[in-house]
Amino acid sequence: MSRRNSVYAALNCDDILFEILLRLPPSTIYKSVIVSKNWLCAICSPRFRRIYLSKWGQDYRLLGFFVCNFLYLARPRDGYRRPHWEPALPFLSTCRDGDDLTQSRILRQLGYFIDSSNGIILAGRHPKTYFVYNNMTRQQYPLPEPQQFYKTMSMAFIVEEYLDDISYKVIRAKCESRLKLRNTVSIETFSSKTGKWKQTTLMSSTPFALCSRKAGAVVGGVVHWFAIWGKLAIYDPRHGDRHIALVRLPVTMLSLEREESILGESSDGLLQFGSNSSLCMELWVLEKEVGANPPRYGNCTHLTYKWIPRFSIFFKTLWKQNASLSMHHSKDTQLLSFLPRNSKSVFIRSGWNIFLYDLETKTVELVHYQGRGASISWESSKVLPYFLPSWPSSIPFQHGI
């Protein structure tokens, strides 16, 4: 009896219960909310969620693929116009939740797809109308009109929190032409905390220009944009620093014939870079070390960067190793996207079929989706996977998330 009482006493102690629950794997923690109200409150608390995800990481569920047609996204006044029969935000669903998103009609209200982060969607119509949409709460946030006009731009979307509400930043960066290289770049940042846009000028030690039509990859709160002439522009907005660092992309066998390049976050929180030609694909990771005399508030210009190769394969070899899928692929193979915080798999495309390629087992899995994939203009479109975090959708938060 005394032993049983001691067990009850331990489980009724919030600190002890907290430590026990932190040791449960993700496959079990989701089911534990039904044990008692005490367990439900402990697991759904923001503090527990933050510590648990830092220990175990976040799982994601694929809902489908957004199709972003660059002909319409950054269209000048005399440019191409979207035909009425073509949806502004096409979505290729891969599951029932994806079907629900397609049928909800919310996609018709958001304009064109720009980017997504942790399940939150950034969409709109350049240069004035932007929306942020939380698919888990079904809430839509219209942004005020930006103050600056940029004819061409590259954007970045930073989701900072996921508690009772979302906290996010939207960055619009001006893109210059190749004939107008500068040591500065104008950006305009919207913060959900202030509800306003703020204009800033970033400085670099050498002239550069950002590539348009590509959203920046955000890793650890740091923005990475593609720049012209095979460079990467790195900007850390967290401490108010106005400097931007330029890092040359890795020299690979594809350098003379680089067709597609993608960015993403690895499992260990580093920037991943992927590139493919018509023959093969290569994957790299960017490691960084703090300089000898870093300032009190570190910024990206005081870091030393080094590209580390992680994987490469010829497409001919890839398909030879997966001969059972020969009827589903064509000669046109393209590296599509990384998975969120994942170093083991990538999405590739061959023809209008999409595949998930496992880098460790070197096996290919056909991804079945609902949508008119055969009608996509792959030359002028970017097809990006859309994931929802497993935690918010699997655990019934008290605040409705």
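Of the contacts in the protein with a separation of 6 or more, 55% are accounted for by residues 24 or more positions apart. This is a predicted model, and its 401 residues include 49% that are buried. The protein exposes about 21,100 Å², of which carbon and sulfur atoms supply 51%. In secondary structure, the protein has nine helices and 23 strands.

Two packed helices are described by the angle between their axes and the distance between the axes. On the α2 side the contact is made by Phe-18, Leu-21 and Leu-22, while α5 contributes Arg-47, Phe-48, Ile-51, Tyr-52, Lys-55 and Trp-56. Sorted by class, the contact of α2 with α5 has seven nonpolar and two charged residues, with no polar ones.

Among the strands, four form an open sheet in the order β19-β20-β21-β22, with antiparallel pairing. Because β19 (333-338) and β22 (363-367) stand at the edges and each has a single partner strand, one side of each is left without a neighbour in the sheet. Neighbouring strands of this sheet are turned by 35 degrees against each other on average, direction ignored.

Definitions and conventions
Residues numbered from 1 in each chain as written. Predicted model: local features only at pLDDT ≥ 70, side-chain atom pairs only at ≥ 80, totals over all residues. Heavy atoms only, no water. Pairing = 2+ DSSP bridges. Helix = DSSP H or I, 4+ residues; strand = E, 2+ residues; numbered from the N terminus. Axes fitted to C-alpha atoms, helices over the stretch in contact; angles between N-to-C directions. Buried < 20%, exposed > 50% of the residue type's maximum accessible area, 1.4 Å probe, protein only. Contact = heavy atoms within 4.5 Å. Areas by Shrake-Rupley, 256 points an atom, 1.4 Å probe, with all protein chains shown as cover. Nonpolar A, V, L, I, M, F, W, Y, C, P; charged D, E, K, R; others polar.
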